[in-house]
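Me: I would like to learn how to read the features of a model like this one. Please take them one by one.

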Amino acid sequence: MFKLPHQLKTLQTPHSGYHWDGSDRRFFEGWYYRVTLPEHRQTFAFMYSIEDPKGGKLHSGGSAQILGPNDEYICRSFPDMKKFWAWRDSLGLGHWGKTEWLPPWQGGREGDLLKPFQGGQEGDLLKPRYLPPEEFTSHIQQGYQGTAKFHQGSLHDPGTGHTARWQYEIQPVYGWGNPGQPQQSTAGFFSFLQIFEPGWQILMAHGLATGWIEWNGKRYEFTNAPAYAEKNWGGAFPQRWFWLNCNCFDGEPDLALTAGGGRRGVLWWMESVAMVGIHYQGKFYEFVPWNSQVTWQIEPWGKWLMQAKNSQYEVELLGTTDLPGTPLRAPTRDGMQFVCRDTMLGNLTLELREKSQTILKATSSLCGLEIGGSPWEQPWLSKSD
């Protein structure tokens, strides 16, 4: 049985494991890995999803999307749910597409692995699982696998001809909460309950990635590059949402921000909620509806303004972009649809104050900015219900 190293146990957040309970209710789960390369002024964002894992339904299947240099985009579907795997108790998942296979006249099916794996016998069929990196490279021609400390994959988009390959190790620095203390649920304790869906969890607010990514034949190698991971899951879908995320600030290597909000269903009513979380120099600053007043003014595109205040601290965020952004797919009641828009090249200013005294001012031009859902004809001005 897989066991987490002690140093990872202290940073593992609630909800790191796979949530599907085996039922046939409408369900999705999504994972997000990101690496930012300051020297190239570029970011790679990897997005994985599973819908209706029971199989046999209209939307059953998986997908992988990558937002790459200059907000370029790759997408690949993985319709075979039997080739997906995920750990229940910690972060670990993968999906296989094209693999080596035995021809039908030799008793094989497409996807059956031809060569024996470590400890296997010639001709054995292998149930999808985490593979040692060299075995994944040798046998999995299309697919991905990721854990809290490692991320690897290979994709080819037949529609555009674009390709991506990647392999890197991850050293987590911040989970979600103060280091050395139990890590927190991003959406609070009640995010364990189905009445609050979809769930959202930052898995790693900040980490350091070392390895390589190839994008359309160009290879990027990096050491201790800023890395991030989050996830969401559930059987309900938000009406609309917004998101700001950055852990690559000018002159502030030990600073990570995640902020966002959405309008979601809770039992028979709708609520608007938003939060801001900051990790800075070993301390976690949390602004959430149950301890702070959070307000926002989000344009249909181009400007994200948030303010949050509690009894001790206050923060103001301003994200802007002149770029058009890239449409991305997200799970909806009608399956994966182009319902959100992102850029990884947003501008951000952050100011954190304690009792009106500024303790931090920071800027970045490598901020992730997103809007999703509808309607977005007018600016969204609101505060937590």
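Me: What percentage of the 385 residues of the protein count as buried?

Reply: Buried means under 20% relative accessible area, exposed over 50%, and partly exposed in between, with a 1.4 Å probe and protein chains only. Here 55% of the 385 residues count as buried. This is a predicted model, in which local features need pLDDT of at least 70 and side-chain atom pairs count only at pLDDT 80 or more, while totals for chains, interfaces and linings use all residues. Residues are numbered from 1 along each chain as its sequence is written, and side-chain values use heavy atoms, with hydrogens and water left out.

Me: What is the mean pLDDT of the protein, and which residues stay under 50?

Reply: pLDDT is the predictor's confidence in each residue, from 0 to 100. The mean for the protein is 89, and 86% of its residues reach 70 or more. Residues 1–7 stay under 50, and the model gives them seven contacts beyond four places in sequence; a contact means heavy atoms within 4.5 Å. The pLDDT is also below 50 over residues 102–108, a stretch with five contacts beyond near neighbours in sequence.

Me: How many helices and strands does the secondary structure come to?

Reply: Helices (H or I, at least four residues) and strands (E, at least two) are DSSP runs, numbered from the N terminus. The protein has two helices and 22 strands. Among contacts between residues at least 6 apart in sequence, 59% join residues at least 24 apart.

Me: Why is strand E12 described as largely enclosed?

Reply: In a regular strand the side chains alternate between the two faces of the sheet. Strand E12 (residues 240–246) is largely enclosed by the rest of the structure because seven of its seven residues are buried. Arg240, Phe242, Leu244 and Cys246 are buried on one side, and Trp241, Trp243 and Asn245 on the other, which leaves both faces covered.

Me: Which strand pairs with E12, and in what sense?

Reply: Two strands pair if DSSP finds at least two bridges between them. E12 pairs with strand E21 (residues 357–373) in the antiparallel sense, over six bridges. Within this pairing, Phe242 stands opposite Ile371 in E21.

Me: Is Ser63 buried or exposed?

Reply: Ser63, found in strand E3 (residues 61–67), counts as buried because its relative accessibility is 8%. Its side chain joins that of Ser49 in a polar contact of 2.7 Å. A polar contact is a pair of N or O atoms within 3.5 Å; within protein, one must be able to donate a hydrogen and the other to accept it, and residues adjacent in sequence count only if both atoms are side-chain atoms. Not counting residues up to four places away in sequence, Ser63 touches several residues, including Tyr48, Phe78 and Met336.

Me: How many salt bridges does a search of the whole structure find?

Reply: A salt bridge is a side-chain nitrogen of Lys or Arg within 4 Å of a carboxyl oxygen of Asp or Glu. The search finds eight. In one of them, the side chains of Arg26 and Asp52 meet at 3.2 Å, N to O. Arg26 lies in the loop between helix H1 (6–9) and strand E1 (28–37) and Asp52 in the loop between strand E2 (42–51) and E3, so the pair ties together parts that are 26 residues apart in sequence.

Me: Which residue meets Glu314 in a salt bridge?

Reply: The side chain of Arg353 meets that of Glu314 at 3.3 Å, N to O. Glu314 belongs to strand E18 (residues 313–320) and Arg353 to strand E20 (residues 335–354), so the pair ties together parts that are 39 residues apart in sequence. Both Glu314 and Arg353 are buried. Arg353 also forms a salt bridge with Glu351, with the closest N and O atoms 3.5 Å apart.
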